[in-house]
Amino acid sequence: MSIRILAVGKRHEAWVADGIDRYEKRLRKPFDASWQLLPHSSREGDAARAEESERILAKVDRDAFLVLLDERGRNVDSPALASALRGAFDSGRTVTVVIGGAYGVSDRVRERADFVWSLSKLVFPHQLVRLILAEQLYRAQEISAGRPYHHV
């Protein structure tokens, strides 16, 4: 078991890659993460959303616990995120996290998601979302292990 991240977009920019690498070096199973970048659609609007969503769904395992990052999702604290991930791992499911493209994802992806998570009511650039996600996975790991990285 581990965490698989599907992100629509270009490769990590250097400053993002450095930050992600910092946290990934600290991640241990089942919180270790692998990234798969899916290309942007050459279309725009609804057509781009539909095309990218089909690419995403084609990569999601049938039994995976799917976490969709979406600004309209549930805003949870770090202990609640750690609990949700731990629950998926304890039930023997792999976790897939989806970061959609600029136009978001289709209703089919949203309906497939087991957990729709909002990082904030603010909207962040995709590169920054990747870094925040890596840090939050590390934080969830530390909370789950009872280590003092997170202070309440």
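Author: Here is a close look at the aromatic pairs. The model is predicted, so local features need pLDDT of at least 70 and side-chain atom pairs count only at pLDDT 80 or more, while totals for chains, interfaces and linings use all residues. Residues are numbered from 1 along each chain as its sequence is written, and side-chain values use heavy atoms, leaving out hydrogens and water.

A pair of aromatic rings is described by the distance of the centres and the angle of the planes. Rings of Phe, Tyr and Trp (its six-membered ring) pair if their centres lie within 6.5 Å; planes under 30 degrees apart are stacked, over 60 edge-to-face, and the rest tilted. By this rule there are two aromatic pairs.

Tyrosine 23 and tyrosine 138 have ring centres 5.9 Å apart and planes at 40°, so this pair is tilted. Tyrosine 23 is in helix H1 (residues 14-24) and tyrosine 138 in helix H5 (residues 126-144), 115 residues apart. Helices (H or I, at least four residues) and strands (E, at least two) are DSSP runs, numbered from the N terminus. Both tyrosine 23 and tyrosine 138 are buried. Buried means under 20% relative accessible area, exposed over 50%, partly exposed in between (1.4 Å probe, protein chains only).

Phenylalanine 31 and phenylalanine 89 pair edge-to-face, at 5.1 Å centre to centre and 80° between the planes. Phenylalanine 31 lies in the loop between H1 and strand S2 (33-38), phenylalanine 89 in helix H3 (residues 78-90), so the pair ties together parts 58 residues apart in sequence. Phenylalanine 31 and phenylalanine 89 are buried too.
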